[in-house]
Amino acid sequence: VGDIIDAKAQGRIALIFGNQDAMIIESELAKTWRFATLVETLEAYHGLGLRILGICYNTNNVFGGGILNPESPLTRAGRRLVEEIHKLNIILDVGGHTGERTSLDAIEMSQGVPVVCTHTNMAGLMPNPRAASDRLCEAIAATGGVVGITAFSDFVIRSADNYKAHGKLSPQATLNQHLDQYDYLKRLVGIDHVALGTDFNGGAGENYFVKTEDSVIYTPEMLSDGFPRLVQGFQNLSELGNVISGLEKRGWTQEELAKLLGGNWMRVYSQVWGR
């Protein structure tokens, strides 16, 4: 955390390395199927700078279930992975792409350690498969962790209830619909557990074109076809001011905004990584 503070003081950008799932660990583990390989691989990535790690990316893996299989539990290998993540003081990222049952199992193992969801949206407002339930958000908050809100339009406006009516392309979510996400989460778990988790994908280009009928990891109720769109008024970091002014108009205080805009993340970083 001291490195982040120093970088800001010098007018520089601090970059944190994270991975949205543990497939980088699974690919090495599959060569031997020995727990020692899991441990050695995770230690190696930590040595290279890995500081945040998720478990699954939408589909199941050897460690647990993705959001497409929300009832799949954390596996035996997954429990060992969670143990090693905490031993190395890596931040555990649950929810988002990892299924609810696996996430709750991992949280249950994480006594006394803040656990986060780096980027998701509120299923209580729109039950998109990528959104987190109230139960999961409350469980994350109970660890002292934070939940980051994405700016992905479809996660705010598309779901199993409406995707057929929307067809292959849902309407673009408005800024106010995006701001509703922060208000909802703040009411649910309190301001100390609300954060930005924009999920911006600048520069992804043609590699990020989605065609759900041919996708293993995305479904029609999750995403529209084409290039994923962000909400109106918050399509890149230069438009962050729209979010700030919008929340100010809704009565958010400067103290609350400071926590949203990085203070809550820094608290968790300090608790897990140290100063």
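Which residues in α3 meet which residues in α4? On the α3 side they are Phe35, Leu38, Val39 and Leu42, and their partners in α4 are Arg76, Ala77, Arg80, Leu81, Glu84 and Ile85. Meeting here is a matter of contact, that is, heavy atoms within 4.5 Å. Sorted by class, the residues where α3 touches α4 come out as seven nonpolar, no polar and three charged. For that sorting, Ala, Val, Leu, Ile, Met, Phe, Trp, Tyr, Cys and Pro are nonpolar, Asp, Glu, Lys and Arg are charged, and the others, Gly among them, are polar.

Before going on, a word on the source. This is a predicted model, where local features need pLDDT of at least 70 and side-chain atom pairs count only at pLDDT 80 or more, while totals for chains, interfaces and linings use all residues. Residues are numbered from 1 along each chain as its sequence is written, and side-chain values use heavy atoms, with hydrogens and water left out. As for the element names, helices (H or I, at least four residues) and strands (E, at least two) are DSSP runs, numbered from the N terminus.

Back to the helix pairs. Two packed helices are described by the angle between their axes and the distance between the axes. Those axes are lines fitted to C-alpha atoms, for helices over the stretch in contact, with angles running from 0 to 180 degrees between N-to-C directions. For α3 (residues 35-48) and α4, the axes come within 10 Å and cross at roughly 35 degrees. Their crossing is right-handed; the term means that the near helix is turned clockwise from the far one by less than a right angle, whereas anticlockwise makes a crossing left-handed.

Next come α5 (residues 100-109) and α6 (residues 134-142), which pack at an angle of about 20 degrees with their axes 10 Å apart. That angle is why α5 counts as roughly parallel to α6. The cut-offs are under 35 degrees for roughly parallel, over 145 for roughly antiparallel and 65 to 115 for roughly perpendicular, with the rest oblique. The crossing of α5 past α6 is left-handed. Glu100, Ser103, Leu104 and Ile107 are what α5 brings to the meeting, and α6 answers with Arg135, Leu136, Ala139 and Ile140.

One more pair to look at is α9 (residues 175-189) with α10. Their axes come within 10 Å and cross at roughly 65 degrees, so α9 is roughly perpendicular to α10. This crossing is right-handed. From α9, Leu175, His178, Leu179 and Tyr182 meet Asn242, Val243, Gly246 and Leu247 of α10. The class count for this contact is five nonpolar, three polar and no charged.

Now turn to the start of the chain. In α1 (residues 2-9), Gly2, Ile4 and Ala7 are buried, and the buried residues of this helix pack against α11 (254-273). Buried means under 20% relative accessible area, exposed means over 50%, and partly exposed is in between (1.4 Å probe, protein chains only). After α1 comes Gly11, with a positive phi near 70 degrees.

Some residues other than glycine have positive phi too. Asn58, in the loop between β2 (50-54) and α4 (76-87), has a phi near 70 degrees. Asn58 is buried, at a relative accessible area of 0%. Asp199 has a phi of about 65 degrees and sits in the loop between β6 and α10. With a relative accessible area of 18%, Asp199 is buried.

The loop between β6 (194-196) and α10 (240-249) also holds Gln232. At 34% relative accessible area, Gln232 is partly exposed. Leaving aside neighbours within four places in sequence, Gln232 is in contact with Gln172, Ala173, Thr174 and Leu175. Gln232 and Asp214 are 18 residues apart in sequence, and C-alpha to C-alpha they are 28 Å apart in space.

Finally, the cysteines. How many disulfides does a search of the whole structure find? It finds zero, a disulfide being a pair of cysteine sulfur atoms within 2.5 Å. For Cys56, the closest cysteine sulfur is that of Cys117, 13 Å away and therefore too far for a bond. Cys117 is in no disulfide either, and the nearest cysteine sulfur to it, in Cys137, is 7.0 Å away. Cys56 counts as buried because its relative accessibility is 0%, and Cys117 counts as buried at 1%.
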